[in-house]
Amino acid sequence: MQIQAILPGKGRDLRLDLFRGVANWAIYLDHIPDNVVNWITTRNYGFSDAADLFVFISGYTASFVYAKMMLERGFIVGGTRLTKRVWQLYVAHIVLFVIYIVAIGFVAQRFSDPDIINEFNVAGLVDSPIETLRQGLLLKFKPVNLDVLPLYIVLMGLFPPVLWLMLRRPDAVMIASFTLYFAARHFGWNLPAYPAGTWYFNPFCWQLLFVFGAWCALGGTTRSRSIINSSAMLWFCIAYMLFALVMTMAGRFPAFGELFPTWLFDAFNPNDKTNLAPYRFLHFAVLVVLVIRFVPKDWAGLEWKVFDPLIKCGQQSLAVFCVGVFLSFVAHFELLMSSGSLLAQIVVSVSGIALMTVVAYYITWSKKQDKPQRPAAKPATQPEGMAAPASSVAAAGIEAPAGSSSASAGQT
């Protein structure tokens, strides 16, 4: 089949790093209960939140990175590189899973607080630890706040044939994704969880955001540019954003919600996150349209120093995400053990984000050290018997001058 997708242009798209960093910070803040600081995150002002952004960007970057490889080196090479990434995600999940449940168990035992075990859904470890751990390895048992990585692993694991087809029939794949989404919602398809219930993020529904990200990366936004830039689309986006804000606030404040008809209020509250409600997907699609329209890839603001911490956290997303999930538990426990005052909430929020940022900068620095340095340039050869100028002698000194730069390393 002929290739119909439009491959992304060369060069790193810092918008992806920036918004992935935003998603990581927001997920950390949203995972801390009774934290006033998480009112700054998008979940309080519309139907979608940081999880939607994380899954969308995951699909976008997977296509951005592996599409050209699959075209140039074949399906097998591209598929195996995707599988290698899935293995990395799985290992990261298992390491985080073990550290997470050990930390929860230790805190519960050390401070005689068994309620924490129930709150974080790890009570099964007490009654049947071996079976619970086995189910954890199978991604069926997930403590609270450990739902996103298993979803990411499943979507990435099934992505090689989807990417192969999307390179050739991107619109057809997008239609197929919508079909699966509506079928899953209609027939109630989901994966079983342990010890009971189903996955919090239904992969049959959330695949829509992942595939939508891939579709946008492979030319979907380019082919839709005239629609995105139209004035009618702009006014629709503004109107829908305001509507989402009003309905979300109605759910947050009961007195305000009573002002609306029951049928209208119940249609959007509670927000159906598990099955990715259509109004939720539409809200996120509207955000994507606005970003594409007003934040181009070459926007000069992406170079502002104030965005560096977010961009670094986005570039080292996997490690930062794992650290953030663990720190959210630590922050929650600190608030339980302290007064839980406004000052305490601000301190744990800022401290956690600072630690996540330190981790991102350290990993960036560490990767640069693993790259071989460029050899120093040799001085020009002088005719035999002629002394080299003093400047040449200095340039050829045994020790490199202080502040000499090494080859810059690309981020992953």
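**Before you click**

This is a predicted model, in which local features need pLDDT of at least 70 and side-chain atom pairs count only at pLDDT 80 or more, while totals for chains, interfaces and linings use all residues. Residues are numbered from 1 along each chain as its sequence is written, and side-chain values use heavy atoms, with hydrogens and water left out.

**Whole chain**

Start with a cartoon view: the chain has 19 helices and zero strands. Helices (H or I, at least four residues) and strands (E, at least two) are DSSP runs, numbered from the N terminus. Along the principal axes, the C-alpha atoms fill a box of roughly 95 × 60 × 40 Å. Of the 412 residues, 45% count as buried; buried means under 20% relative accessible area, exposed over 50%, and partly exposed in between, with a 1.4 Å probe and protein chains only. Contacts here are heavy atoms within 4.5 Å. Among those with a separation of 6 or more, 78% are between residues 24 or more positions apart.

**Select α3 and α17**

Two packed helices are described by the angle between their axes and the distance between the axes. Show α3 (75–110) with α17 (residues 317–337): their axes come within 10 Å and cross at roughly 15°. That makes the two helices roughly parallel. Axes are lines fitted to C-alpha atoms, for helices over the stretch in contact, and angles run from 0 to 180 degrees between N-to-C directions. Angles under 35 degrees count as roughly parallel, over 145 as roughly antiparallel, 65 to 115 as roughly perpendicular, and the rest as oblique.

Which residues meet here? On the α3 side, pick Arg85, Gln88, Leu89, Ala92, Leu96, Ile99, Tyr100, Ala103, Ile104 and Val107; on the α17 side, Leu318, Cys322, Val325, Phe326, Phe329 and Phe333. This contact divides into 14 nonpolar residues, one polar and one charged.

Now bring up helix α8 (residues 159–168), whose axis comes within 9 Å of that of α3 and crosses it at roughly 135°. This pair is therefore oblique.

**Zoom on Gly78**

Still in α3, center on Gly78. This glycine is buried, at a relative accessible area of 0%. Leaving out residues up to four places away in sequence, Gly78 touches Tyr66, Met69 and Met70.

**On to α6**

Select helix α6 (residues 129–137) and color its buried residues, Thr132, Gln135 and Gly136. Look down the axis: they fall within an arc of 105°, so they line one face of the helix. The arc is that of the directions from the helix axis to the C-beta atoms. What covers them includes α3 and α5 (124–127). Just after α6, stop at Leu139, with a positive phi of about 70°.

**A histidine in a loop**

His31 sits in the loop between α1 (14–30) and α2 (50–73). Is His31 buried or exposed? At 18% relative accessibility, His31 counts as buried. Beyond residues up to four places away in sequence, His31 touches Asn145, Val325 and Ser328.

Most residues other than glycine have a negative phi, and most peptide bonds are trans. Here are some exceptions to click through:

- Asn121, in the loop between α4 (115–119) and α5, has a positive phi of about 60°. Asn121 is partly exposed, at 32% relative accessible area.
- Leu276, in the loop between α14 and α15, has phi near 50°. Leu276 is buried, at 0%.
- Pro270 lies in the loop between α14 (262–268) and α15 (278–294). The peptide bond from Asn269 to Pro270 is cis, with omega near 0°.
- Pro195 is in the loop between α9 (170–187) and α10 (203–223). A cis bond joins Tyr194 to Pro195, with omega about 5°.

Technical notes: Nonpolar A, V, L, I, M, F, W, Y, C, P; charged D, E, K, R; others polar.
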